[in-house]
Amino acid sequence: MKNPFNPFFLVAALLLPWVLPGQVITVQGAIDSRDMGLTLIHEHILVDWIGADSTGYHRWDRKEVVARALPYLQELRQYGVGTFLDCTPAYLGRDPRVLKELSEATGIHILTNTGFYGAGTNKFVPGFALDSSPGELAAIWIDEFRQGIDNTGIRPGFIKISVENRDTLPPMHEKLVRAAALTHLETGLAIVSHTGGDAPALAQLKILQEMGVSPDAFVWTHAQNGTFEGYLQAARQGAWISLDHIQAGQPGPADGTGNIPWYVQTLSRFKSQGILDHVLISHDAGWYDVGEPNGGGYRGYTDLFTHLIPRLRENGFRQDDLDLVLKENPGKAYALRIRKN
Ligand SMILES: [Zn+2]
């Protein structure tokens, strides 16, 4: 019989990732997904658009970024936000140390990610990845999950990839999807894919299914660029529909409501079709723009609370509907769980 106090087993236990199914990994460590609370699933703190061949931590001053972003995160405390997903990928300004400092300063759980961003004709994909196999890419991402990112010990809470919004996926982007599938099967991290329209979303779901990954591991990001028919198809397969561009004010109609009426109408259709349990919403707002003086213009993360929620309530949404979309769905979508089909 194996002795549980054998030093070998103790060491092995300490080396294993300290994560159990049902947890989510924040920049400060793993928490129970039921403790996420109200969650903004797609936002940004920092973005550097210069491209994979020139970006790096040398491009920004961490203190300046934290000082600029901090008030916008503090503002979220009064609305009861518990968790914030930073969707900036590697080679586009991902900086786990900035996120950890902000999380420590505000008490908000923050998640970062692993993966590569293909849209923009691979400008944000590191050169070596163009010749790598899906397995080689997955090995890099799985290593971040196990060991942490860039020697920080900070681990990713989801996979973020991106594909071109086209009817047919370019080979490089198909490779990113395959790498994400392999990473999911090893880690249980959700696959968040910057996508856009119906065709690339459904094409990715097909690849995932071929690879044995259930559609409910997939978050169709920027689905506001798709159609309701597409949402129905994807949601019925089990995928998550991410409507992540809540924005009142400009650009939009002169009354300053922006896309709020569209959100009210679309979420009402989700509710009447019985698929409100497959939608995720957020602003895709922020951020400190590297290269702009003091980060340039910064869009806050509060239109959900100041504009959308009041309109949803006027349109028959009860507290349990809001809790479903803003608490339960994120908990289910992002909790670590290997989802096989
Ligand atoms: Zn985004």
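In this predicted model, the zinc ion is held by three protein donors, H42 (NE2), H44 (NE2) and D284 (OD), which lie 2.1 to 2.3 Å from the metal. Along the chain, these donor residues follow the spacing H-x1-H-x239-D. H44 sits in the loop between β3 (38–43) and β4 (46–47), while D284 belongs to the loop between β12 (279–281) and β13 (288–289), so the pair ties together parts that are 240 residues apart in sequence.

T88 is found in the loop between β5 (81–86) and α3 (96–106), and its relative accessibility of 1% makes it buried. The side chains of T88 and H44 make a polar contact at 2.7 Å. Setting aside residues up to four places away in sequence, T88 also touches L46, V47, G93, R94 and N113.

Turning to the nonpolar parts of the protein, the largest nonpolar core has 83 residues, and the members touching the most others are I45, L243, I281, Y301 and L308. L308 can be followed in the structure above: apart from neighbours within four places in sequence, L308 is in contact with I246, I260, Y263, V264, L267, I281 and D303. In soluble globular proteins, nonpolar side chains tend to be buried together.

Methods
Residues are numbered from 1 along each chain as its sequence is written. This is a predicted model: local features need pLDDT of at least 70, side-chain atom pairs count only at pLDDT 80 or more; totals for chains, interfaces and linings use all residues. Side-chain values use heavy atoms; hydrogens and water are left out. Donors are N, O and S atoms within 2.8 Å of the metal (3.2 Å for Na, K and Ca); water is not among the atoms, so sites may look incomplete. Helices (H or I, at least four residues) and strands (E, at least two) are DSSP runs, numbered from the N terminus. Buried means under 20% relative accessible area, exposed over 50%, partly exposed in between (1.4 Å probe, protein chains only). A polar contact is a pair of N or O atoms within 3.5 Å; within protein, one must be able to donate a hydrogen and the other to accept it, and residues adjacent in sequence count only if both atoms are side-chain atoms. Contact means heavy atoms within 4.5 Å. A nonpolar core is a set of buried Ala, Val, Leu, Ile, Met, Phe, Trp, Tyr and Cys residues joined through side-chain atoms within 4.5 Å.
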